[in-house]
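Below are some notes on aromatic residues and surface features, written for use beside the model. Please read them with the structure open.

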Amino acid sequence: MPAIIYSRLPLSALAFLAGTYALFSLPNLDLVWSMAGILPVVLISLFFLDKWRWPAVFFLAGFFWAGFVAGQQLSKSLPPELAGKNIIVEGVVEGLPVREGRVVRFNLNVFRSEPVAGRQIRGLIRVSDYRRGSIDPLPGEAWRLLLRVKPPHGFANPAGFDYEKWLFSERIIATAYIRKNKDNSSRLNHRLAELDRPAVIDRMRIRIAAQIKNSLPDSAFRGIITALATGDRRAISSQQWTVLQTTGTSHLMAISGLHVGLVAGIAFFLFRLLFAAVPQLPLLFPSHKAAAVMAMLCAAFYSLMAGFSLPTQRALLMLTVLLVAIILQRRVQALNVLSLSLLLVLIIDPISILSAGFWLSFAAVAMIMYILLLRSHKDGWTESGMFKAVNMQWKLSLMMAPATLLFFQQIPVSGPVANLVAIPVVAFLIVPLVLLASLSFLLFGGSFVEQTLFRLADIVLQLLWSLLESLAMTTEVLPFSVEHSATALAGIIFTVLVLMLPAGLKLRKLALVGLLAFIFPIHTERTELHEGEFRMVLLDVGQGLSAIIMTGHHALVFDTGARFSKRFNAGDAVVLPVLKSLSISSLDTLIVSHGDNDHSGGAAKVLAGLEVRQVITNEMISGTETIPCRAGMQWQWEGVLFRLLHPDNEGMTTGNNASCVLHVQSSFGSILLPADIEKKAEREIISRYPDALRSDILVAGHHGSNTSSSDDFINAVSPELVLFPAGWMNRYHHPAKKVLHRLTNRQIESMITGECGAITIRVAEAGISAKSWRQSNRRIWDVSEIDGSCSKVAIGLSETPAF
């Protein structure tokens, strides 16, 4: 192994990375300020260290620098007292607005606001316009808007997209929507043309996207070509994303190191040839230096055209380090280039560590460097370019498998084969055609040349897509859960390490041990549930309901949350990721209580995403056989009894009062899920089961509306804890104050998913316990104010057990 691996720069960069990671693993910044007080003592003590002095210094530098940057960002967040207030702001549109139907979303960089309660706001706000006749803003335009503002807030669940983390990493300090101008004042919701700012690059991106639409009006791949040209991936369909994810090729749609490096490489060799073609020019300035300068400029321009996203910034920075070394005629080691790039990225933007792309991009480059260092065969057909390409691809896929598992909880089986074909086709055919077409359009306007190039790219993409679709249909992704299959993760890491050892060590047979651990993992969470024990995870799906109930060997989902738009619903955004994180690859039962969107909107995605053995509902679900929900139905799993208590007639009850009501009971405790039933249905259930409604846990009916949870019903159920599946700061003001007052009078504790995040209930022989995801997994970017109601709750326990 080269001695450079043990040099100071790589170790210092890794130490700085470790310090940054440690900072963002904290629940808040309180510890940082406490440690800052003893920092002088720590620095003095470092002088007595020898070998580890510099790594320790860089660790502390990374820790405190990340803390300073995070603190600066959090200080700009919307003050809690302004949550839900109407504020008049003036700002400039940044980036590309998104339109879905009549709804428009865009980022507004606020430079002035009218004071509310003596406070003003400055910074980036994510604005939505739901009004009829919504505005149509362009990048760089200045607007004066009346906004209803909220602090950054998103769903908080064991898995799924972390919207709050994304807002924090994008430097967004608040979300808002435009309020109607009821006074018809000309001072509100109008352009401030005199304050417009130039947004040349973003306007170019819009022009290119429009030209692609004109050149390929009927192409199904217009969205992919637009993504490769401008970095705007919004037009890629959900079906196309599914194919890309199944084949492990979705990374090709994110403009990153591969694309930026390709542009720089083409520019370098092209300008070097052109520069050298004129005999006098190399005498004035060396051709390789001139080519490096032009390559840097072209890569920078392409990065800007792609929106200058974090992946392109990292790639451009790494490329700049290498090209500057060429210009300065410095011989540099590849590992030093990678280490310096890592260090510079973390200094410029330590928050970038929160992105999966950060880890994947640096890990991929490091793995490629390691593969190139390995001794290869030197004779025969193994020297061919095809062998080298295949060898590189399968080794890279294998070495990146642990990272893929950690971030995406799956392994695309067809990934190595798909990437072996897709990477060269996209890199050397599609991207050059798209870039040449875009450049032709910017220089000469719409012409036959640019349209022909776009169409050629479309044809090549169609041919490639035929292969990707075939692979997607014949192979699957292997689902995986880090939290519940630690042995599988350890197994795959061990396998990779052993296989990547030099062949001369003759240890590769040991990889079978790791492979067996991966294929036959131990799922600890499910096996810990004994006879009569069960768990329920009440998911945070906003103003909606979805719950997962597990016994030792069975799983049930009760409702699936809402469908919020064509591209976003709780089924694939929350329910499926959480099921995957719990190592649940199939469902025994799905119950859809009734047809309201906030309960059934995600059902189609859940049914499409995994095997469901039976569906119980009174609603029609296209293409799915269902079993009617009727009072009296019951079954038992591992000593846990599931009973349906309502409705008891066919078609006589409609609306919320037709909801399925589920009662789950064992000898250790019980939970009642009444969906959206109201007082009329509550009276019917009380009369039907006067002595059988007693439950330890009640999931409040109709999200805590005053139309439900009547005094008589609460008395009949007599719960120890009530859970409200209600959205944070929802417009219905659920749970209702009257309902909360009824619980307070009875000294019944309560928790709200919108405030506490997902709530996990464990019913076991030792007792019943409850914990909230937001309270137990708090991170620095979570600015929500959590009161004592989200703390752990124990019923019949001396202390809350580990989950």
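Is Trp54 buried, partly exposed or exposed?

1. Trp54 has a relative accessible area of 40%, so Trp54 is partly exposed. Buried means under 20% relative accessible area and exposed over 50%, with partly exposed in between (1.4 Å probe, protein chains only).

2. This is a predicted model: local features need pLDDT of at least 70, side-chain atom pairs count only at pLDDT 80 or more, and totals for chains, interfaces and linings use all residues. Residues are numbered from 1 along each chain as its sequence is written, and side-chain values use heavy atoms, leaving out hydrogens and water.

3. The structure holds 16 aromatic pairs. Rings of Phe, Tyr and Trp (its six-membered ring) pair if their centres lie within 6.5 Å; planes under 30 degrees apart count as stacked, over 60 as edge-to-face and the rest as tilted. One of the pairs is Trp54 with Phe58, tilted because the planes stand at 55°, with the ring centres 6.4 Å apart. Phe58 is partly exposed at 22% relative accessibility.

4. Trp635 and Trp637 also form a tilted pair, 6.0 Å centre to centre with 55° between the planes. Trp635 is buried at 15% relative accessible area, and Trp637 is buried at 10%.

5. Tyr21, Phe358, Trp359 and Phe362 are linked by ring pairs into a cluster.

6. The charged end of Arg643 sits over the ring of Tyr689, 5.9 Å from its centre. The criterion is NZ of Lys or CZ of Arg within 6 Å of the ring centre and within 35 degrees of the ring normal.
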